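Morning, everyone. Let me put the structure up on the screen, and then I'll walk you through a few spots in it.

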Amino acid sequence: RTMPNPLTINVTASPPRSPKLAAAMSERATTHPKPPLRRRMSEAANVYLPGRSLKVLLVDPDPFVAHSGVQALQKLGYVASSVSDGLEACMRLEQEPSFFDLVLLDLRTQGLSGIEVLARIRAHPQLRAVPVVMMSSALEASEGFRTLSMGADDFLVKPLRVRKLSTLWQTVQQKRREALTAEELTDEKRKRLDMVAMMAALDARITAAIDAPMYSA
């Protein structure tokens, strides 16, 4: 007698759809078409970061990449502008430190390199919390990934993809979450220090009361 193989998976075909169900699904797909990717991503960003469009500064020495990148970002609902020079990027950011929500920064910028711009952003007290996403060609990917240990929040390989650009808001959301967590930890630490100081003062008062003479001569 042949025993059945326990590893064999019995796959049965799904029953065919009834004509009425198929017609209903077809009608729904026609009357309620799925919105395009760009619209879905933009709506998702508005849910998680409501109130305004995110402002992105694109820093790239290639005019074609800068122009096409800004157009793609604007179609996705971002407010985008570009510069080709690293020094100019630093000047714009330092003039309006609270204006931009995210910086897309190429490694090979003019004036100052992308790594130098990243270092200046992280050293600036009002800019250090701004998310920075580095970019480079595939040939420089290893150097680009090293910027993650220098303070970059993410790294993209060019040419830029619409799907990657559409999720930039997630980087901003993560950065803001980390900032809030840091503030909460700071508040908690301050409360604990206040409690320790209060207990130390109370302990000193109790010790002084115990050591004090019961009566004076």
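So, α3 gives the most to the lining of the second largest pocket, with 5 residues. Keep in mind this is a predicted model: local features need pLDDT of at least 70, side-chain atom pairs count only at pLDDT 80 or more, and totals for chains, interfaces and linings use all residues. Residues are numbered from 1 along each chain as its sequence is written, and side-chain values use heavy atoms, with hydrogens and water left out.

Back to that pocket. A pocket here is an open set of points on a 1 Å grid over the protein atoms alone, where a 1.4 Å probe fits, with protein on both sides within 12 Å along at least five of seven lines; lining residues have an atom within 4 Å of a point. This one holds about 170 Å³ of space, the volume being what probe spheres set on the points fill. Both α3 (63–75) and α7 (162–166) supply at least two lining residues each. Among the lining residues you'll find F64, V65, K158 and R161. By type, the lining has 7 nonpolar, 2 polar and 2 charged residues; Gly counts as polar, and Asp, Glu, Lys and Arg as charged.

Zooming out, the chain has 8 helices and 5 strands. Those are DSSP runs, helices being H or I with at least four residues and strands E with at least two. Buried residues, meaning under 20% relative accessible area with a 1.4 Å probe, protein chains only, make up 29% of the 217 residues.

Now, which way do the rings of F99 and F100 pair up? Rings pair if their centres lie within 6.5 Å, and planes under 30 degrees apart count as stacked, over 60 as edge-to-face and the rest as tilted. By this rule there are 2 aromatic pairs. F99 and F100 have ring centres 4.9 Å apart and planes at 85°, so they go edge-to-face. F100 is buried at 5%, while F99 is partly exposed at 30%, that class running between 20% and 50%. K55 also lies over the face of F99, 5.3 Å from the ring centre; the rule wants NZ of Lys within 6 Å of the centre and within 35 degrees of the ring normal.

Last stop, L127, in the loop between α5 (114–123) and β4 (132–136). L127 is buried, at 3%. Its C-alpha is 7.6 Å from that of S98, 29 residues away along the chain. Leaving aside neighbours within four places in sequence, L127 is in contact (heavy atoms within 4.5 Å) with L93, E94, P97, I121 and R122.

Methods. Rings of Phe, Tyr and Trp (its six-membered ring) pair if their centres lie within 6.5 Å; planes under 30 degrees apart count as stacked, over 60 as edge-to-face and the rest as tilted.
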